[in-house]
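This report is an introduction for a reader who has not seen the structure before. Please look over the sequence and the model first.

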Amino acid sequence: MSKTPVTFRLNGEDAAAFADAGSNLLDFLRRSVGDLSPKYGCGQGTCGACTVLIDGEPHLACITLAETVSGREVRTTGGLANGPTLDRLQEAFIDKFAAQCGYCTPGMLMAATALLDKNPNPSRQDVIDAIGGNICRCTGYEPIVDAILEASRNTRGAA
Amino acid sequence: MAIEFRKDLFADERDDSFDQIGQPRIRQDIEGHVTGRSPFFDDHLFDGLLHVRCVRSPHHHARVRSIDASEAEGMEGVVRLIWPRDIPRNMNTLLSLIGFGRDDEPLLADRKTAYVGEPVLAIVATSVQAAQRAVAAVRVDWEVLPHVLDVEEALTPDAPVVNEEYPNNTFDYHERYDHQKLRFGDPEAALARADHVVEGTYQMSPIEQAPVETCGAIAAPETNNRIVCYTSTQALFFSIGVTGKLLEIPSSRLHFIGGTVGGGFGGKVDSHHEPIAVLAALLTGKPVKYMWDRAEEMQAGAPRSGERWRIKDGVMNDGRIVARIFTGFFDAGAYTRLTSYGVQKCTGHLPGPYTIPNVASNIFCVYTNRTPSTAMRGFGITGVDFAIECHMDKVAERVGMDPIELRIFNAYRDGDMKAHRRLAKNCALIESCQVVAQKADWRLSADAMAQSSLTGGGADWRADIPETVTDDEGKIGERRRNGLAPDPFSGSGQRGRVAAGIFTDHPATGNAPQRDDMIAEAARLGFKVDTGAPSTPMPQTERPDVPPAPPAAAPPPPAEPQRPQGAPTLPSAYSEAPPAPAPTSAPSAPPPTPRSAEPDPEPYRPEQPFQRGVKRPGVSRFISGARRR
């Protein structure tokens, strides 16, 4: 099986690893790079648990070819916190009880990050639209929406 | 009756201030969740991790004639094939660890498959893709068998046998009976004097738990001759026990790590991944991951069981529900898993949160060629509650009453006797209804708003519970001691009534099959109940523990009447037509009549000879509830 070297930026740092031919970005990040924060939920681009940011845009890692991130900037939930200081979104998720099993949370945080980067003052409907591609099977959507709105109002730890 | 707190428990740790209620709390595991560091089972990296995919049946019901895996074996990346013969003890049932039910499910099917997606062969490969390619290259010669997907069709005599361990397509309760029974009071008499009889049929679909994290496990050889297994299980000790049993290795060699579950909702108790992953790790000496993809999770993952309910209520003009009779069918799918337990849990929940002095239920755990069903969020309760609450609305409409007020009127109050013979306490349905009505701006009468769970319980009509009418084969209550009780047809005088509210200790008390309602059920399913022919006494030797006669090669001769002389007539409560109201409306039951004294005008004669499941001529496998194997 042929392997392709992929060099890219991951959460602000240079990263490089070999991608199996045809492997998707989710497997590549998790198994080859070692960033376990994106999660496998469906493998077919419907649940949003693997959401990562590529050059600031939310993408579904499970249906993105690994080689396509070559030379680009990838952000994951693993890089949200600044050392021990959590991101305002992470703080808001904690304060608002916006996680139950926690499996969809990394994808939710990435979708929310993309939203707040573009629209610092979203309406409730903007937030709902932004996480419309992310499934929370514990059905805890209301606290998640509340947390994202709270983070948009809170500059504490803002990037 | 005041609210009861068990203050003796954790007395030195209790505060009882309740000032934490309504206060936001920080989850102890949430920092891991928001940083992506919570250790789900798949978040453990191993070099050289192997992957498993299974060859699965595309048919509802099929026999495996042969499997040709020669092409798959030689394919690139394929490390090992796991055949049913590789599993040391390839038969299990989930609750066998607590001694409930018989082993009925192979880890990998070796003779036949009974649902779409049942695995017959596992392939271990260096990548998921290699395993998938190998699976696609396996040729299975299927002999497609007739299948049954409906619970009531599965109970007909010519239905295919889904699960060979339970050839009647029903779980054997108490090792003998094909359904779980509840009897309380005298529902037939109460129905006869009710002003209205309200009937309804309700169907719940199976529901997939669909956790975002699919089920899976990673197993790897560890030092000390142990196997470490990271698993998504909700039930770690089920998983250890099942793995140890199927693989015949002591649990001391199994180092299982769980606890972080990406959503389970009941679907992660079935313990199918750990045994295969551990076996693959043992056979290959390498770390192995067996994780379902989304399609497998949805197709092969066990859902909540579908349920069908028939409810028959006797209601007075003032809204008082005086009788409620249930017939329920739980769709277990092809194997038992946890459905048998769900049925018992359900029986303990009937008749819902309402004080009804006459309750009866027969609930069947039925095998069909659907995906086996298992636990899901309140299973055994949620489905019947849907049926009950729909039915309450129907009753309210019939008697012209506000639906919430109907519920308040009939709700349990502290001190009421429940159908399973425990006093109700800490009741709050009335108060809940009042709050719901207020929040919904739904006007209730001043009388309904004045009601309270704390007053009136166990008084007046609420205490007027008739003696429980028992079967002609014995009484209801505890399971028989000392093996089988005297022959139920011997007329030894064990029929009668049990005083209400008593969990009797009488040695004759037994959980005997109730014949007449079973006969009604058989008649409803299309069997003819001949009322004209003379009855034939049942031979005294026919007992469920007598070894069955060898099955006849030809169809058995026409059935002889199975019911004994002296059996009661078909009770009107279970017949299709509503019973005629009796002239009396006295709240108490008519005095007990010795039912055994009645002649038997209705010998049972099926129209067709039975094709299967019956070892003795003339005996319907579901007419008596007795296990016939």
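## The model

This is a predicted model, in which local features need pLDDT of at least 70 and side-chain atom pairs count only at pLDDT 80 or more, while totals for chains, interfaces and linings use all residues. Residues are numbered from 1 along each chain as its sequence is written, and chains are lettered from A and ligands numbered from 1 in the order in which they are written.

## Chain A

Chain A has five helices and five strands; helices (H or I, at least four residues) and strands (E, at least two) are DSSP runs, numbered from the N terminus. From the N terminus on, the order of these elements is β-β-α-β-β-β-α-α-α-α. The radius of gyration of chain A is 15 Å, close to the 15 Å that the globule rule gives for 159 residues, so chain A is as compact as a globular protein of that length. That radius is taken over C-alpha atoms, and the globule rule is 2.2 Å times the number of residues to the power 0.38. The C-alpha trace of chain A spans about 45 × 30 × 25 Å along its principal axes.

Of the 159 residues in chain A, 50% are buried. A residue is buried if 20 or more other C-beta atoms lie within 10 Å of its own, exposed if 12 or fewer, and partly exposed in between, with C-beta atoms placed from the backbone.

## A sheet in chain B

Three strands of chain B form an open sheet in the order 4-2-6, with antiparallel pairing. Strands 4 and 6 of chain B stand at the edges, each with a single partner strand, so one side of each is left without a neighbour in the sheet. Two strands pair if DSSP finds at least two bridges between them.

Strand 2 (residues 62-68) of chain B pairs with strand 4 (residues 112-113) of chain B over two bridges. Here Ala62(B) has Thr113(B) as its bridge partner, and Arg63(B) stands opposite Lys112(B). Six bridges join strand 2 of chain B to strand 6 (residues 139-144) of chain B, where Trp142(B) is the bridge partner of Val64(B).

## Helix 3 of chain B

Helix 3 (residues 128-137) of chain B has Ala130(B), Ala131(B), Ala134(B) and Val135(B) as buried residues. They cover an arc of only 140° around the axis, which puts them on the same side of helix 3 of chain B. The arc is that of the directions from the helix axis to the C-beta atoms.

## Contact between the chains

The contact takes 25 residues from chain B and 30 residues from chain A; two residues are in contact if their C-beta atoms, placed from the backbone, lie within 7 Å. On the side of chain B that touches chain A, the largest share, six residues, comes from helix 1 (residues 30-35) of chain B.

## Nonpolar cores

The largest nonpolar core has 108 residues, and Ala112(A) and Val52(B) are among those with the most contacts inside it. A nonpolar core is a set of buried Ala, Val, Leu, Ile, Met, Phe, Trp, Tyr and Cys residues joined through C-beta atoms within 7 Å. Helix 3 (residues 105-118) of chain A gives the most to this core, with seven residues.
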